[in-house]
Amino acid sequence: MGNSRLTYRRRNPYNTRSNKVRVVKTPGGKLQYQQLKKRGSPPKCGDCGIKLPGIPALRPREYAKISRPKKTVQRAYGGSRCANCVKDRVVRAFLIEEQKIVKKVLKESQQKKR
């Protein structure tokens, strides 16, 4: 449990999600609260919702401080969709185009029969 003799060092006196602390011992031997930052949530795939591998879980403002290669992966939709969803999109687009070609060929063969 928390030490009852310690007091918060900032203005918020309540144990909320944004006011988490941990107890540290100072070089002078005293116990003191140290303010903790909130954990970042990992970016998720926009289609299936799984965590995107290769991209760090940071707080939103911290993404502005890191370079672009650390925010994406080298692939179409990298940093936005996972590899499996991209693969499904490519296959779906290919099959739709094939279906259009098949329809066109069938229509031409029907025209020749008449």
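Is R89 buried, partly exposed or exposed? R89 is partly exposed, with a relative accessible area of 26%. This is a predicted model. R89 belongs to a network of salt bridges that also takes in D47 and R81. The search of the whole structure finds three salt bridges and zero disulfides.

**Salt bridges**

- Side chains of opposite charge can pair when their charged atoms come close.
- D47 and R81 form a salt bridge, with their closest N and O atoms 3.1 Å apart. This pair links distant parts of the chain, 34 residues apart. D47 sits in the loop between strand 2 and helix 1 (68-71), and R81 in the loop between helix 1 and helix 2.
- R89 also meets D47 in a salt bridge, at 3.2 Å from N to O. Here too the pair links distant parts of the chain: R89 is in helix 2, and D47 is 42 residues away in the loop between strand 2 and helix 1.
- D47 is partly exposed, at 42% relative accessibility.
- E97 and K100 form a salt bridge, with the closest N and O atoms 3.5 Å apart. Both residues lie in helix 2, three residues apart, which is about one turn of the helix.
- E97 counts as partly exposed, at 42% relative accessibility.

**Cysteines**

- A disulfide is a covalent bond between the sulfur atoms of two cysteines.
- The cut-off for a disulfide is a sulfur pair within 2.5 Å.
- C48 is likewise in no disulfide. The cysteine sulfur nearest to C48 is that of C82, at 3.6 Å.
- C45 is buried, with a relative accessible area of 4%. C48 is partly exposed, at 43%.

**Strand pairing and the hairpin**

- Strand 1 covers residues 21-25 and strand 2 covers residues 31-35. The two pair in the antiparallel sense over five bridges.
- Which residue of strand 2 stands opposite V21? The residue is Q35.
- Strand 1 and strand 2 form a hairpin, with five residues between them. G29 lies in the turn and has a positive phi of about 90°.

**The segment before strand 1**

- N19 is located in the segment before strand 1. N19 is buried, with a relative accessible area of 2%.
- What does the side chain of N19 reach? The side chain reaches the backbone oxygen of Y14, at 2.9 Å.

**A nonpolar surface patch**

- V91, F94 and L95 form a nonpolar patch on the surface. Together these residues have about 300 Å² of accessible area.
- F94 lies in helix 2, which spans residues 83-113.
- Is F94 buried or exposed? F94 counts as exposed, because its relative accessibility of 52% is over the 50% cut-off.

How values were computed. Residues numbered from 1 in each chain as written. Predicted model: local features only at pLDDT ≥ 70, side-chain atom pairs only at ≥ 80, totals over all residues. Heavy atoms only, no water. Buried < 20%, exposed > 50% of the residue type's maximum accessible area, 1.4 Å probe, protein only. Patch = residues over 30% accessible without salt bridge, like charges linked within 9 Å, V, L, I, M, F, W, Y side chains within 5 Å. Areas by Shrake-Rupley, 256 points an atom, 1.4 Å probe, with all protein chains shown as cover. Salt bridge = Lys/Arg side-chain N within 4 Å of Asp/Glu carboxyl O. Helix = DSSP H or I, 4+ residues; strand = E, 2+ residues; numbered from the N terminus. Pairing = 2+ DSSP bridges. Polar contact = N/O pair within 3.5 Å; in protein donor to acceptor, adjacent residues only side chain to side chain.
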